[in-house]
Amino acid sequence: MAQSDIGLIGLAVMGQNLARNIESRGFKISVYNRTTKTMNNFIDQYGSETLEGQAELKDFVESLTSPRKIIVMVQAGSPVDAVIASLLPLLDKGDTIIDCGNSHFPDTIRREAELSTQGFHFFGCGVSGGEEGALKGPSLMPGGNKTVWENLAPIFTAIAAKDFSGNPCVTYLGENGAGHYVKMVHNGIEYAVMQMMAEAYDLLSKSFGLSAPEIADIFEKYNEGKLQSFLFEIAVPILREKDDLGEGYLLDEILDKAGQKGTGRWTAIEGLERGVDISTIIQAVHARTVSSRKDFRMQLAKQYENPSTGNMLPEEALIDIIPELESALYAGMLVAYAQGFDLLRQAAEEMHWELNYAEVARIWEGGCIIRAQILNTLHEAFVEANNAPLWSINAIAQDLQQAWLSLRTINNLGVQSGTPLFCLGAALASLEAMTEERTSANFIQALRDSFGAHTYQRIDRDGTFHTEWGN
Ligand code: 6PG
């Protein structure tokens with residue numbers, strides 16, 4: 001019997017769907033799962049001449065054509081190490097393991113180094129798009145040895161989603177952890193974008209008393225303009241969903257505690273460690289953290305009385321606020337992207353990855369969770385400006401300039417109505433500060449020098465200065 005082109009270990013839904021996607025593009029694939037029953041059930045349903053399952057890892061490895069390519073789709077962390085350890089004794093030098101989970105990039109760098117010294121190849125490939133993306137076409141973010149990529153490219157190119165021009169949403173990103181790093185930042189941006197949407201929902205509800213389906217109508221319109229995106233697309237039916245266990249709308253019955261698996265937090269930590277302002281992403285993580293303290297919030301809500309509670313705006317004001325909010329969201333998202341790409345740039349420089357930012361924006365145009373019209377705008381801007389920082393590209397600066405006042409108006413509204421705008425607030429502060437000739441840091445420097453003789457520099461002459469302040 002013909003050997004398989006590729007193997008896949010880990011048959012949770014993402015793994016199953018990725019295997020079916022690969023098979024549907026004309027490749028033969030073998031699958032393996034630690035619990036054989038899961039594999040048998042999957043094969044009973046989807047098995048064919050070109051999608052076969054093995055109960056024994058040794059048989060699975062032997063069913064693959066050499067040099068072997070094995071996708072690992074298991075939970076990030078120690079399960080990935082466990083799978084690698086069980087595979088290595090069965091592999092030949094030159095075989096490649098591809099980790100398609102949400103692994104933390106330092107793990108990917110470590111694994112790649114460990115395996116390459118033993119003659120094996122290791123790829124970290126970010127996969128975005130959820131269950132449906134895995135099946136129909138995800139956005140793929142691979143990093144590892146460039147020569148090995150040539151062997152993987154035909155399969156990965158065939159299974160990827162398509163960008164706005166119909167090209168596959170995959171590109172080689174760089175050595176070792178580059179792919180998982182880009183996926184991590186994708187998720188950080190995903191956090192910021194989702195938080196801004198949640199803030200818009202909160203603002204409309206707190207300032208105008210709008211119901212979920214009324215907000216759905218507004219978001220539906222937004223999805224026809226420059227905010228067009230997968231996330232707005234799914235938000236509309238979410239806002240309209242009736243509660244089948246009671247009266248009213250399901251969204252109103254969902255506990256307001258946001259989960260998080262770690263990729264947003266990793267991005268936030270990276271921003272702090274590399275000294276890059278990614279305040280929108282950090283604030284999105286904070287917002288989830290605050291949300292998770294439900295019991296304490298309930299206690300404080302009894303102790304405090306928000307001075308703005310019940311400060312509703314007249315219905316007539318809504319007509320003006322709807323486009324202002326659209327512009328503010330657009331500006332906020334542009335800032336989130338500018339920050340995310342700033343982090344990518346800094347990391348690429350420090351890690352010696354040759355990241356092509358136009359390509360990163362392009363492969364996020366389709367398949368992934370943040371896929372949106374805005375990514376096409378960013379892609380074109382990067383191409384036009386030869387990958388200059390987003391903040392400095394004329395087309396982006398013009399858009400931000402135009403939406404600046406809307407972002408202020410919406411933040412004002414947040415203050416008036418007592419709506420915490422973690423991300424839209426951070427976006428505005430970042431826009432104000434990044435475009436400012438003179439910040440207030442002179443004051444910080446003076447304080448530092450006063451209490452700790454940390455010294456300062458002057459704007460009118462070279463050198464390092466210290467003052468005995470007040471003497
Ligand atoms: C994707 C998603 C995916 C996952 C999120 C959820 O790109 O397909 O980002 O990776 O659903 O990471 O993350 P949280 O549980 O942290 O919100």
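What distance separates the centres of domain 2 and domain 3, taken over C-alpha atoms? I found 37 Å. The bounds, which come from an automatic or database domain assignment, are 6-176 for domain 1, 183-434 for domain 2 and 438-471 for domain 3.

Ground rules, before I go on. This is a predicted model, so I note that local features need pLDDT of at least 70 and side-chain atom pairs count only at pLDDT 80 or more, while totals for chains, interfaces and linings use all residues. Residues are numbered from 1 along each chain as its sequence is written, and side-chain values use heavy atoms, with hydrogens and water left out.

I took strands and helices as DSSP runs numbered from the N terminus (E, at least two residues, for strands; H or I, at least four, for helices). Strand S1 covers residues 6-9, and both of its faces are covered: Ile6 and Leu8 are buried on one side, Gly7 and Ile9 on the other. For burial I used relative accessible area with a 1.4 Å probe and protein chains only: under 20% is buried, over 50% exposed, and in between partly exposed.

S1 pairs in the parallel sense with strand S2 (residues 29-32) over four bridges; pairing asks for at least two DSSP bridges between two strands. Isoleucine 6 has isoleucine 29 in S2 as its bridge partner. From S1 the chain passes through helix H1 (residues 13-24) to S2, a right-handed β-α-β crossover. Right-handed here means that, with the strands pointing away from the viewer, the path from the first strand over the helix to the second runs clockwise. S1 also pairs with strand S4 (residues 69-72), parallel again, over three bridges, and there leucine 8 stands opposite isoleucine 71.

**Entry: strands S6 and S7**

I counted five bridges between strand S6 (residues 121-128) and S7, which run antiparallel. Serine 128 stands opposite serine 139 in S7. Is S7, residues 139-143, mostly covered or mostly open? It is mostly covered, with five of its five residues buried.

**Entry: salt bridges**

I counted 22 salt bridges, each a side-chain nitrogen of Lys or Arg within 4 Å of a carboxyl oxygen of Asp or Glu. One of them joins aspartate 92 to arginine 68, with the closest N and O atoms 3.0 Å apart. Aspartate 92 lies in the loop between helix H4 (78-87) and strand S5 (96-99), and arginine 68 in the loop between helix H3 (57-62) and S4, so the pair ties together parts 24 residues apart in sequence. Arginine 68 is buried at 10% relative accessible area, whereas aspartate 92 is partly exposed at 40%.

I then checked aspartate 81 and arginine 111, whose side chains meet at 2.9 Å, N to O. Aspartate 81 is in helix H4 and arginine 111 in helix H5 (residues 105-117), 30 residues apart. Arginine 111 is buried at 1%, while aspartate 81 is partly exposed at 27%.

**Entry: lysine 183**

Lysine 183 sits in helix H8 (residues 178-208) and is buried, with a relative accessible area of 5%.
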